Every structure is written in C-alpha cells, then in structure tokens.
Amino acid sequence: MQFSEAWLREWVNPPISTAVLADQLSMAGLEVEAVTPAAAPFHGVVVGEVQQCEPHPNADKLKVCQVDVGAETLSQIICGAGNVAAGLKVPVALPGARLSADVKIRKTKLRGVASLGMICSAAELGLAESSSGILPLADDAPVGQDFRTYWALDDTCITVDLTPDRGDCLCLRGIAREVAALNKLPLVEPSVPGIPAQHTTQMAVTLSAPQACPYYACRVVHGINHRAQTPYWLQERLRRSGLQSVSPVVDVTNYVMLELGQPLHAFDLAQVQSGIQVRYAQATEQLTVLNGADLTLQPDTLLIADQHGPLALAGLMGGAASAVSEATTEVLLEAAFFTPDALAGQARRYGLHSEAAHRFERGVDPTLPALALQRATELLQEIVGGTPGAVVEARADDTLPTPPEILLRRSQIPRVLGIDLADDVVMAMLQRLNLQVTPVANGWQVVPPGARFDLTLEVDLIEELARLYGYDRIPARSGAGPLAITTSAETAPDTTQAAQALVARDMQEVVTYSFISPELAQQFAPEAQVMRLQNPVSQAMSVMRPGLWPGLLHTIQYNLARQQQRIRVFEQGQVFRQQTDTVQQDDYLAAAVCGPVVEAHWAEHSRPVDFYDLKGDLEHLLGVISERAQLHFEPAGHPALHPGQSARIVSDTGGGTVGWIGLLHPQLQETLHVPRVFLFELNLATLPPKLLPACTPVSRYPAIRRDLAFAVDQVCTWQQVWDLVRQIAPDMVCDIRLFDVYTGDQIGDNQKSLALRLTFQTATGTLKEAQVDTVCADITRALTTQLAATLRDQEKI
C-alpha cells in the first residue's frame, strides 16, 4: 500500500516528522518498506500561460511561443510539442532552472531563434515515465507561481508492506485510523453527503449466490460528460499512490478504493441488458476481460452477469465488452461485498492481478459499499456531471458476516504481555481503534468494526493493546520453564558430521529450491508419484522434488555459465513422494562433481574427475556417518545414470537400496547442456547405524604380507573377490587391499588381472610362514573354483 503523506495529514496530522511517522507505523506492525519523494528535486519551474504560438521560421516541427511567466515581459520559448497552443497554461523551466543533476536550462538559440526557457512535459519533470506532449495545467493555475508549490510536490510517498491479515489498512482511511490511534488524535474524515435520486431509472439485481455475495448495490448515472478530463489533483493522488490515470470514471472508482478501501466498478450502461445477476459461472462460459485475456470460466467462479451472459469476474476484473469507453455517457456504478472465501485463489487461477482482488481476498468492510457508492457519485458529479438514480440494494442478511463478541479478560493481559495496564488505559486504547467496548465483571466485552477481520480471539485484542502501548516499551524478560535435554543416538547418521566430511573433501554445500518442473521429475524419477502444487509460482516450479539431483545440476549449470569449470557441490534436504493419502518426506544427501579432479598446480598433473574419485569421496563419507563394512556397491541401472557407469549402494543388514552413484546419463547431459557429471545420492534414513568407536591396541608382533595376482573375467567385480576372500580368510588376515588392475596383451581376451595384498597379523603371537601359506592356498582354491580365477603371480613381502 502506497500513499501520499500530505493526503494522510488531511485526515490526521500528528506533530511528528516523516521519519518518526514511518518508524511509528513500523513499530505498530505496518512495516514501512520505502519512503520516497513525490517528485524529482527540480527547481526554477513556474506556472506559465502561452499567449501566442506561431510556426518557427526555420523549422517545420517547432513553434515560437510567447509565454507569460509572471514577469514584466513575455518570455520567448521554442517548443516542439504537438499540443502546445495559445491560451494553454503550462509548467515553464526558466533560465537557471535545474531539472536534474544533468539538465540545467540556459538561454539558447534553436535554428537561429532565441529561446528563454523550456515548456516542460510530465516526463521531463519526473512525474511520468513517458509523455506525448507538454503537461497542460488547469485553467485557474496562478501564472508565475512556483510549480512545486502549486502542485504541492514537496510531499513524500510512503509504501507500507502489509501482512495479509491487515486488509483494513489497504486504504488511506485505515492508515489514518492507525495513526490517529497511535497519536491519540481525532480522525477528520471527509463529509460524504447522501446524493438523492434525480431520475427513476433503476437496474434490478438478483443474488443467486448469497453465500459468496450477500450484499450488492448499484446506481445508474445518466448524462456524464465524456469529454471531461480528470482534474490534476486527483491524477496526482493516484500517481503518488502508485496508480495511473485512465479516464475520469475509472479514476473516480480507483480514488474511492484508495481513500475508503472499497473496490468499485463502473459498467457502460448501454452494454448491460435486463438486470444484474450475481451468480456462479456455467459450463463452457467465456469472458474477455479488461486486459484482453480470453478466459474459459470454471464453475466455482463468481460472476456479475446480465441476461445475455457474463459482464465481469466478481471482485476481480471487469469484462472488455461492458467497459467504460471515451464514448460512454451513461454508467452503472457497482459496490458490493464479496466474501474472501469466494474469491480466494481466483486471481492466481486465471493468471490475473487487480487491486480489487487484492482487497477482497483479505476482507473488505461489509458496511462500506453504500458509503463508497455515495462518495463516488459525489466525485462523478463534480468531475463529469450527470444525474444519478436511486441506489438499488440486494442483500441477504442471514449470510452477511457479523463481528464477533470477544471477551477480554483482565487477568490475561499481564499473563500474555508481562505488564499491567490500568482499566481506563485499556478502554481508551480499544476505543481509539473504533472497537465497541462494554465493561464486564472480569474484563471487557469487545465488538470489532466490520473492517477488522483479523480480530476474532482474545489474544488478538491483547496484541492490539501491545501495538498501541508500544512494543519497545514492553520490558524484555527471559522466559522461565522446565528444559528437557534431548540426546540423539551416537550411532545415527549425523548431518553436521556429513557436511564437515564433504567440506574436508573440497566440496561446497548448496541449498536449492524444493520445487522443480514436471519434466525434470519425470526424467530423474519416472517411477515416482510426484507431489503437484495447487498454486505454483510457475510451471517450472510446479512439483515437489523427488530427489536432490535436479537442484544440484541447476547449480552446475549456473556456475558453468559463469566460467567455473571445477564444480564440487553437495546438498542435504528433504525429498517428497506422493502416497495414497499422505506425502512421504525423506532426508537425503546428494553430491555432484565435474571438471578436473584438482586445480592446475605445478606439482601435480590434473585430469578429469572420474567415477572412482567420487566413489572414494562417498566411501569416506559412509565411514563417517554409517558402518562402511555393512554396505557394498553393485552394478545396476538407474534412469538418470549412464548404463555402464552406475551402481546401487546396498545395505548388508537390511538388503535394501540406500543410494545410487554414477555418471549422468548422456541424454540428460545433452538436454541440460552440461559436461560429464558424476553424482551420488543417499537416503539417510536407510543407512545402517555406525558402530561405536572402540580402542584396539597395536600388535607388538610382526606382520606378514602376501601379494596375489589373479586373472578373472572382465565381468567379475572387485566386490565379489573381496567378499569371497573375506569369507575364507581367518581373523589373522587383518587387511585386504586391491593395489593393481591390469588388462593387456599378457592376459587373455575378456580378462583382467586383479592384484591384491593380504596383511597377516595377530595380537597373540608371531605367525609362521606355514600358517600364511595355508591361508593363501585356501583363498586361491576358493577363487579358482567359485570365480574361475587363475593365479598369475604370488610374492612374499
């Protein structure tokens, strides 16, 4: 909500500065977002009157104007605007005037003719983004007066960022009521006389949806002057409130909305046939609205219609066919109360936004339409003339909202706020907010005004007392209460330790959006039942992520576009899967890497990162947050990963999948325009618990090592070899390590050589060669019989 400070001070004028006023509003819960001047800081501009206007002798598009600026002689000014004419009053920048830091007006010659100033447009004065000609002023503008003074431009525009529950402050009246209450001042509201009917034309109204619209009022105005212009004072108030001037009738409805908070609409009476109906849309009905959008209406959309079809989306936007135009001479003014529930979400559904919907969705005072209709009629008669008819009202009193009666207990105020307030202070505060207050034995019975939809509970009234008393005046006290210290199992995965472990491996943690596009969800998790949002920000963010990889890849895209080649990122967060009647939310951890394995360095040769680099990072992580010995990797296919470079991470205890690792699928790589990216993802809830750390003394007996090289089939994995050796080997084998993989001419086709080092050691005595030889023979026999391995070499170390 943006408003003019000068306009506000016509309603209530506290003896405080602009800065103090802004701070006062913020401390009262109406956060001031911006305080800006109403106009650029120009000077040297006065009101002038064009006395003569003749063609320039040396230029077809220029005119030589003799302008009265209140001096003894006329000023000759060259002007190129198409709308300049004799008798027009205009803003004139005199020699020496400064319109901005870069624009200073000087005496000059244009095509050989002297020019002593400049006739200004609204854009040149910073009053509009663009202008098609000079700014014409009212006929009664005083010649020679400073233009800033004449238009009261030494004003401030204040923008307030309101919470959704304070719809009552989406108008100057609501803001003024707050300021008056905060400063204990009376509120000076404009007098709105009742405008009697001057003809008998009426428009019948039928409420077919009283639950959604329990009150509707309208009146016909004949004979308006369609050539009239909106007065500059009204245009300026609209501009300083963030709205543009459209036409006199539309400007009046917008002005009343800003002033009182009641949205209005004006129909071209010639386009309305056979009475007004307030009803829900029928199947396949369509409507072209004011912004040109063609809408197919849904059955739960509330309409203003006549016998021939829809005229407007109720409380949202009017129809183009019934809109007021430059030729309109008869209008139908509408003021109604639409319930917030009936309009909630309608604007987002149709991709529309309007000031009216913004207010109706938050709640508008149901007693306001009649007053707003009279105020609009008064302004219309003042600006465009016309004769109004009788106000036609249709109401369903049984569905009109009634303010609740709230009991405010005296004992609850110190319990909630921590301070004691005297009874007369409480009464005065509540009455300053226009609340009806009746003292009762244990406190007060309070009835809020119709505009305060946010006041429904006792605690709401206590919050109002705190606002008026001043949050900064309430002493801060530390809370007291029993504290329960909770502990987590030492064996459970620790996300902080996980983050520290990956940061130590030269990765960076990121946080990405939980919303992704349906296309990405389908590509990365085609089997998942994704959770769709009812009101998404955009189609690209319309489903909840079923995994973390899409967000990480978006981060990689972002960094690649900024010439970052080596990217190592990880994220911890929740993923979402739609179940039959609920949403499954799991904590995941994922990482993605691409580019060189290390930065360029003179002491180390760099190469592209590969599968085993990321697998090493993952194994280190699993050793920190889980029990690595109870997990193994097995080749498997994943729709988002390369078919030949992907593996499933399996728990030996439960047998289930706890995660995936692999190279991004080439098709996704091409679609997303990224290089080779390696990824892993873990479901933290499925990881086996890690074992408690235990101290094991270093053996004082010597270790014996054996290197064995076996030729195996290419499809045989190291995991198979390791599992079999671990199964055969006794406890004296304390370490099994793969130290070489060979493929080449010295080995058969479709085979590879795996060289493993066995370390033998006990804590009870020195091992003998015969014991070690026996174990090596058992291992060789088992690998030969079960994996068709062939011993190629054996070496003692």
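This is a predicted model: local features need pLDDT of at least 70, side-chain atom pairs count only at pLDDT 80 or more; totals for chains, interfaces and linings use all residues.
1. Helix 4 itself covers residues 172-183, which makes 12 residues. From its first C-alpha to its last it reaches 16 Å, close to the 16 Å expected at 1.5 Å a residue.

2. Is helix 4 mostly covered or mostly open? Helix 4 is mostly covered, with 12 of its 12 residues buried. The buried residues include L172, I175, V179 and L182, and also R173, R177 and E178. In general, an α-helix has 3.6 residues a turn, so residues three or four places apart point the same way.

3. The largest nonpolar core comprises 79 residues. Within this core, the residues with the most contacts are F3, L8, Y216, I276, L302, I304 and F338. Helix 6 (residues 248-260) is the element that gives the most to the core, contributing 7 residues. Apart from this core lies another, of 28 residues, including A591, I649, F680 and L682. As a general background, nonpolar side chains in soluble globular proteins tend to be buried together.

4. I304 deserves a separate look. Which residues is I304 in contact with, leaving aside its neighbours within four places in sequence? They are Y216, F267, I276, Q277, V278, P310, L311, A312, A314, E334 and F338. Among these partners, Y216, I276 and F338 are also listed with I304 as residues with the most contacts inside the largest core.

5. The largest pocket has a volume of about 1200 Å³. Its lining consists of 39 residues, and Q229, Q235, Q244, S245 and V246 lie nearest the centre. Helix 5 (232-240) and helix 6 are the elements that give two or more residues to this lining. Helix 5 gives the most, with 5 residues. By type, the lining of the largest pocket divides into 17 nonpolar, 17 polar and 5 charged residues.

6. The second largest pocket has a volume of about 910 Å³. Of the 31 residues that line this pocket, Y612, K615, F633, W718 and Q719 are the closest to its centre. At least two lining residues come from each of helix 17 (611-625), strand 31 (631-635), strand 32 (641-651), helix 19 (718-728), strand 36 (733-742) and strand 37 (751-760). The lining of the second largest pocket is made up of 16 nonpolar, 8 polar and 7 charged residues.

Technical notes: Residues are numbered from 1 along each chain as its sequence is written. Side-chain values use heavy atoms; hydrogens and water are left out. A nonpolar core is a set of buried Ala, Val, Leu, Ile, Met, Phe, Trp, Tyr and Cys residues joined through side-chain atoms within 4.5 Å. Buried means under 20% relative accessible area, exposed over 50%, partly exposed in between (1.4 Å probe, protein chains only). Helices (H or I, at least four residues) and strands (E, at least two) are DSSP runs, numbered from the N terminus. Contact means heavy atoms within 4.5 Å. The expected span of a helix is 1.5 Å times one less than its number of residues. On a 1 Å grid over the protein atoms alone, a cavity is a set of points where a 1.4 Å probe fits but cannot get out, and a pocket is an open set with protein on both sides within 12 Å along at least five of seven lines; lining residues have an atom within 4 Å of a point. Grid points are joined across faces, edges and corners, and a volume is the space filled by probe spheres set on the points. Ala, Val, Leu, Ile, Met, Phe, Trp, Tyr, Cys and Pro count as nonpolar, Asp, Glu, Lys and Arg as charged, and the others, Gly among them, as polar.
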